Amino acid sequence: MSYVSKVLDGTCPKCGGTKVFKAKGNPFLFKMPVMNERCSKCNYSFHREPGFYFGGMYMSYALTVAEMVAVFVLGLLFNVGFLSIFLAVVLVVLLLSTFNYRMSRLMWLNLFFKEEDEL
Ligand SMILES: [Zn+2]
């Protein structure tokens, strides 16, 4: 399985058996995604060490900026007013917040996954 397919699939980086997140979260209800502690199939720990996902914030930042730029460029291409572009950027960032949270953590987890990890 490639890095991209592992991240998009959202399953355990070691065995691909269990989903890393047990709840996807909902930005409308202010519910954040919830991670499983360990893989139920191979017992791989998704909480590697305290502060492990701190670096995932940079992934989240990169995703958010890319989405903001994409919406901004689309707004310019369709010749929409700046206030409408601003509101669209804010709306897209809010709606994709839980998606970005999950993707950034999955990207970070898979980035530092090593086959020999015993945890
Ligand atoms: Zn597993």
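Biologist: Which residues coordinate the zinc ion?

Modeller: Happy to start there, with two notes first. Residues are numbered from 1 along each chain as its sequence is written, and side-chain values use heavy atoms, without hydrogens and water. In this predicted model, local features need pLDDT of at least 70 and side-chain atom pairs pLDDT 80 or more, while totals for chains, interfaces and linings use all residues. Counting as donors N, O and S atoms within 2.8 Å of the metal (3.2 Å for Na, K and Ca), with water not among the atoms, so sites may look incomplete, the zinc ion is held at 2.2 to 2.3 Å by the SG atoms of C12, C15, C39 and C42.

Biologist: What arrangement do the 4 donor atoms make around the zinc ion?

Modeller: Four donors count as tetrahedral if all angles lie between 85 and 135 degrees. Here the angles are 104 to 115°, so the arrangement is tetrahedral.

Biologist: Is C12 buried or exposed?

Modeller: Buried means under 20% relative accessible area and exposed over 50%, with partly exposed in between (1.4 Å probe, protein chains only). C12 has a relative accessible area of 2%, so C12 is buried.

Biologist: And T98, buried or exposed? Which residues does T98 touch?

Modeller: With a relative accessible area of 6%, T98 is buried. Taking contact as heavy atoms within 4.5 Å, and not counting residues up to four places away in sequence, T98 touches K24, G25, N26, P27, K31 and P33.

Technical notes:
Four donors count as tetrahedral if all angles lie between 85 and 135 degrees; four count as square planar and six as octahedral if opposite donors are over 155 degrees apart and all others between 65 and 115; anything else is irregular.
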